[in-house]
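This report goes through the chains one by one and then through the places where they touch.

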Amino acid sequence: MDQPGRTILRLLGLAVFLSLVIVAISFLLIKLGNTPPLVLLGGPNPTPEVQAQLVGDYGLNQPAVIQFLRYAVRMLGGEFGRSWLTGEAVAGELFVRLPATVELMLYAVLLGALIGVPTGVAAAFNRGSAEDRVVRGGGLLGEAMPAFLLALLLLLVFFRWLELAPAPAGRISVVLTPPPTITGSYFIDSVLMQDSIATRSALAQLILPVTTLALLIGATLTLSVRGAILTQLQTAHFAYARAQGMSRELLTVIALRGAAPTIWAGANRQFAALLGTTAVVEFVFAWGGVGQYGLDAMVKADLPAVQGFILMTGAFALLVHALAGVVRRIARLRFTRA
Amino acid sequence: MLLDVQDLRVERQSRAAVGMAPMPLALNGVSFRVVKGRILGMVGEHGAGKSLTASAILGLLQPEARVVGGRALFEGQDLLRMSDADLTRLRGARIGFVVQSGHTTLDPNTRVGAQLIRAQSVHRPIVMAEAVWRAETIMSSMGIVEPRLRARAWPHELTPSAVQRLVLALALINEPQLLIADEPTAGLDITTQVQILDLLYLELRRRRIGGIIITRDLGVVAQYCDDIAVMYAGQVVEQGPVPQVFARSAHPFTRALLASMPERLAIANGRTYGGPLPDAPDGCPYRPRCDEATERCGVAPPLVGAGVHAARCHFARIGAA
Amino acid sequence: MIGRVVRRLGSLLRGLPRRSLAASFGLLILVGFAAVMAARPIAWPHGPAQVDTAHILKAPSLRHPLGTDANGRDVAARVMDGTRYAFAVPLAAVLLGIVLGAPVGLIAGLVGGFADLLLRRLIMAVGFIPPLLLALALVAAMGPSLRHVVIAIGLLEAMFFARAMRAEVRAMHESGFIQGAVAMGNALPRLALLHLLPNTLARIAGEIPRRVAWALGTLAVMGFVGVGTAADSTEWGEMVREGVALMYAGPWWPAIFPGLALLLLGFGLQLLAAGISDLTGRRPAALGGAMGGVPH
């Protein structure tokens, strides 16, 4: 088999293995629980008919391995079971909430990059200066800052005291109806529908959650960027570029270009953690995204929902990781000859 | 006077461990001069401070090191007191820099021709056609064949010889007044070394500009430099015209250095090494080169000694303790 | 022998501010919290469970510097009392993580081959699930209790330590150190136990502050979301949760001060971690999630 073909096959195999492990974790979550599976699936007092049906459906009287395999097939096929609370299909619930989460993360990452990259670059170029120390201190503070605390602090100042921001009640003011779903983003859909009131409200609701997340992302990114750029600044070819008399702007570009792979890899590694942070932020702001759903499910011990949520986040992170790898390969081919 | 360095002092900060004495200055009063049209060779052992001097002058010190005294006057201005912005304008334009090991220092992500163009555009607004022409011209004069083709190459695709020629081209493309070459032939094989040095020498002479060649090889100084500055432990311990210093060195360290290179010394002193034999030697054939030749050597010397060790010389002492 | 250790520690500490300001400050913060936790029962006039219905929701004042909560209890006393959770749970969890993870990593690193590959892929796979969420899910599945919290966080810490140990051992392997020792006649198990384990643990020890910080953050989120400990405890996350509704109405101090305590302690840990990496010259483990960073 040719080289690219083998690589793809290997990656696919890896993906399958990884998915199975993630599914196994979800499976273990159920097994760990004290609730007997029958109660889990059928409710507090399942009738004999229901019991029999469940045993048949889920293979409850078969060995654990078989159960796991059936479970895996079911989960990977997208069937996450039904929520104990609402009785709705978990998969459906998650899917509906996905755009909210994606939107929040997207804006936050963009804003966070806007904050973090220039700060990190400036700190690296001015290493040892007072500004550098402030930046490093700020970065550490951002790393130590609990997301919920930052969210609450921002709410306290801007919502309660200054009355500039709206209440943390989701993606749009409670008195308004959300726009019809085109993209799933309330903000974009309002714009598309030219509904200025809804647009304004959606935008207002976005500000604090996005800012919270962006600040946290920015802090970590700043430290990461600073480190990567510092490494570049110490290379021989950077010193040579300086010797050639290149301007500060050009040197920044050169340093960034060299540091980009490291920064990208670092961001990639951070992504899973970011999903966790996003969930907490969603929780505080009642955002209505996947994260809030998952956390709510955990509080209420709605295990099918929890399982589905965990599986989804794992799958999402895996997907993003794969995509990031693709981007990295393309960039390497196009931009460098290293 | 192209470059007048006076009493340059550089301190290198290191995290002194608790209780240790403070570190001595890395550069402890370096003074030398470069005259327009002449080439200064800077020699010294590893760690003597040669590269550090160049970095200090160009304002390229690493953050742990800083200038704590002295002046470096270039075209009337003190480089050590110039702002980084002004220095940036000088670097690569009025002062050219030739690095060692070009293959680790050239930007690996930009094509060779583009780097030559960038070296120009960084210092003045350029017209593309003119910049390209300049780039190709200088590549030719550096001995790079097929410049147009070569211009599209990436640095790692070039041979070490071509890399150093490119480095030389980058240093010269903006017509600097002063060229600083830091061990320009480190790591190259002997033939290439000679080629690059010859090229460097030619360009410096042709353009009538001043140059500093930093090297550990006295032979290079002997062959290519007009003046020599000998560095030891962060100071210039002797400076002067090459013939003078080589013939009658004032500092013991210089003498020790020279003592290790008699052949090159001879070359510098104008005596040929090898070369055509005298056609009808009267007396000893080595007489022209010999330090200890006297009147007696007009007469062919006898073979002194017998057995394993012998020499044909009036003053040969075989078996002496 | 004890005297020697103490003296060495003493000289180390005295030289610290000069060598790393960050580490010194971090240590100061940690010691400060520990001191407060120890001194509260004797030095502070109010108790954490002392209900005083006459002084409900009083703003910070001289008498109650951090104010009082909805039951008239002194917030400051409760925050100080909560330090017990903030120290005990993360430390226990990290300890559990080391005990579970380090041997696994050590063995995998030594044995190499398929076992090593399997371990790495396993940890990689689990790593795609946000560690914070996984810890929360585990507690949700197991049932709310402090023991389950420690186990859940400990399991995730174990993965980090397993991977870190494995990397260290692998590096030693590649450097030929292990082959050399074996060639000189050391039996592998004895070698592993007596020499490798302590040595590599010492190297990884620098990561511990960050790991503790992660555990602390995770504990707090558990408390805040409502998954972990019992209600009405003085665990800081729990206190924030109870105070949130009040905050929107006005009295912000029952919610914010515990949060600030969290921030301060976490910051101290981060400072210490940064200081250690400055001192040892080793770069911190890859930032991010259970595999190196702090959850938010």
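What pattern does chain A follow when read along the sequence? The pattern is α-α-α-α-α-α-α-α-α-α-α-α-α. This is a predicted model, in which local features need pLDDT of at least 70 and side-chain atom pairs count only at pLDDT 80 or more, while totals for chains, interfaces and linings use all residues. Residues are numbered from 1 along each chain as its sequence is written, and chains are lettered from A and ligands numbered from 1 in the order in which they are written.

**Chains A and C**

Chain A has 13 helices and zero strands; here helices (H or I, at least four residues) and strands (E, at least two) are DSSP runs, numbered from the N terminus. Chain C has 11 helices and zero strands, in the order α-α-α-α-α-α-α-α-α-α-α. The C-alpha trace of chain C spans about 75 × 45 × 25 Å along its principal axes.

A residue is called buried if 20 or more other C-beta atoms lie within 10 Å of its own, exposed if 12 or fewer, and partly exposed in between, with C-beta atoms placed from the backbone. Two residues are in contact if their C-beta atoms, placed in that way, lie within 7 Å. The table sets out both chains on these terms.

| Chain | Residues | Buried | Of contacts between residues at least 6 apart in sequence, share joining residues at least 24 apart |
|---|---|---|---|
| Chain A | 338 residues | 43% | 68% |
| Chain C | 296 residues | 50% | 70% |

Helix α11 of chain C covers residues 253-280, 28 residues in all, and reaches 40 Å from its first C-alpha to its last. That is close to the 40 Å expected at 1.5 Å a residue, the expected span being 1.5 Å times one less than the number of residues. Of the 28 residues in α11(C), 23 are buried, and the helix is mostly covered.

C:M124 lies in helix α4 (residues 113-127) of chain C. Why does C:M124 count as partly exposed? Because C:M124 has 18 other C-beta atoms within 10 Å. C:M124 is 39 residues from C:R163 in sequence, and the two are 9.4 Å apart in space, C-alpha to C-alpha.

**Helix packing within chain A**

Two packed helices are described by the angle between their axes and the distance between the axes. Axes are lines fitted to C-alpha atoms, for helices over the stretch in contact, and angles run from 0 to 180 degrees between N-to-C directions. Helix α6 (residues 130-144) and helix α9 (residues 196-233) of chain A pack at about 130°, with their axes 8 Å apart. α6(A) and α9(A) are therefore oblique to each other; angles under 35 degrees count as roughly parallel, over 145 as roughly antiparallel, 65 to 115 as roughly perpendicular and the rest as oblique.

The crossing of α6(A) past α9(A) is left-handed, a term used if the near helix is turned anticlockwise from the far one by less than a right angle, with right-handed for clockwise. From α6(A), A:V135, A:G138, A:G139, A:G142 and A:E143 meet A:L215, A:L216, A:A219, A:T220, A:T222 and A:L223 of α9(A). The residues of this contact are five nonpolar, five polar and one charged. Ala, Val, Leu, Ile, Met, Phe, Trp, Tyr, Cys and Pro count as nonpolar, Asp, Glu, Lys and Arg as charged, and the others, Gly among them, as polar.

**Chain A against chain C**

This contact takes 48 residues from chain A and 50 residues from chain C. On the side of chain A, the elements that give two or more residues include α1 (3-32), α7 (147-161) and α13 (303-335). α11(A) gives the most, with 11 residues. By class, this side of chain A has 33 nonpolar, 12 polar and three charged residues.

Within this contact, what angle do α7(A) and α11(C) make? They pack at about 135°, with their axes 10 Å apart, and are therefore oblique to each other. α7(A) passes α11(C) in a left-handed crossing. A:L149, A:L152 and A:L156 of α7(A) meet C:A255, C:I256, C:G259, C:L262 and C:L263 of α11(C). Seven of the residues in this helix contact are nonpolar, one is polar and none is charged.

**Chain A against chain B**

Here 20 residues of chain A are in contact with 23 residues of chain B. The elements of chain A that give two or more residues to this side are α10 (236-243) and α11 (248-285). α10(A) gives the most, with seven residues. The side of chain A that touches chain B has 10 nonpolar, six polar and four charged residues.
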